[in-house]
Amino acid sequence: MDQGPINKFYFALLPDAAIAARSHELAGHLRRQHRFSTKPRRADLFHVTLYPIGSFRCLPEEMAFAAMEAASRVRKPPFPVVFDRAVSFGNGDNRPLVLWSKDGNAELKALHQELADAMRLTGIAPAKESSVEPHMTLLYQGHLVPDIMLEEPVSWTARDFVLINSLQGEARHDHLCYWTLHD
């Protein structure tokens with residue numbers, strides 16, 4: 001019996017349309033240059049995961065309310081997001097090619113921590129604590145490539161963040177709610 005797709009919920013930053021289009025072009029160029037067999041992700045799916053909430057067949061209402069309450073507690077001003085290289089993440093046969101910064105994007109990590117702390121305050125603790133390595137996935141099922149310094153970093157100013165429901169296997173992201181970054 002098919003129970004439908006898995007709903008993967010997480011907070012994320014989204015690049016604006018121009019940055020997403022530029023990133024898609026860059027992904028196509030890197031795909032050809034390094035002979036990846038898979039196509040880049042669609043530009044409208046590009047995002048930077050801030051905080052994973054979980055995967056569910058159906059989102060429990062209390063989880064959705066807790067996530068929204070946690071997000072409303074965030075007090076961070078807008079900040080720059082900068083990715084200065086493309087790198088292979090992971091291991092095995094599925095090495096996503098991602099945009100990443102050697103300098104780590106400290107503001108992204110701080111926003112992740114603020115969301116984690118706010119989620120704990122609502123009574124929802126993460127299943128496991130994990131370190132965050134901010135990145136934006138360009139394509140999946142890649143192979144190992146050396147770190148590629150970008151001629152021009154991919155950057156934008158993060159002004160808001162979003163709660164996403166990603167329907168696994170359907171290449172669809174539903175944006176459930178946005179929050180503006182402010183002091």
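Predicted model: local features only at pLDDT ≥ 70, side-chain atom pairs only at ≥ 80, totals over all residues.
## Fold and overall shape

The protein chain contains three helices and eight strands. Read from the N terminus, their order is β-α-β-α-β-β-α-β-β-β-β. The radius of gyration is 17 Å, close to the 16 Å given by the globule rule for 183 residues, so the chain is as compact as a globular protein of that length. Along the principal axes, the C-alpha atoms fill a box of roughly 50 × 45 × 30 Å.

## Burial, contacts and surface

Of the 183 residues in the protein chain, 44% are buried. Among contacts between residues at least 6 apart in sequence, 77% join residues at least 24 apart. The accessible surface is about 9900 Å², and carbon and sulfur atoms account for 51% of that area.

## Salt bridges

The whole structure holds six salt bridges. One of them joins the side chains of Lys76 and Glu114, at 3.5 Å from N to O. This pair links distant parts of the chain: Lys76 sits in the loop between helix H2 (61-72) and strand S3 (79-88), while Glu114 belongs to helix H3 (residues 106-121), 38 residues apart.

Asp117 and Arg120 also form a salt bridge, at 3.0 Å from N to O. Because they are three residues apart in helix H3, about one helical turn separates them. Asp117 is partly exposed at 38% relative accessible area, and Arg120 is partly exposed at 33%. Another salt bridge pairs Asp174 with Arg172 at 2.8 Å, N to O. Asp174 has 23% relative accessibility and counts as partly exposed, as does Arg172 at 41%.

How values were computed: Residues numbered from 1 in each chain as written. Heavy atoms only, no water. Helix = DSSP H or I, 4+ residues; strand = E, 2+ residues; numbered from the N terminus. Rg over C-alpha atoms; globule rule 2.2 N^0.38 Å. Buried < 20%, exposed > 50% of the residue type's maximum accessible area, 1.4 Å probe, protein only. Contact = heavy atoms within 4.5 Å. Areas by Shrake-Rupley, 256 points an atom, 1.4 Å probe, with all protein chains shown as cover. Salt bridge = Lys/Arg side-chain N within 4 Å of Asp/Glu carboxyl O.
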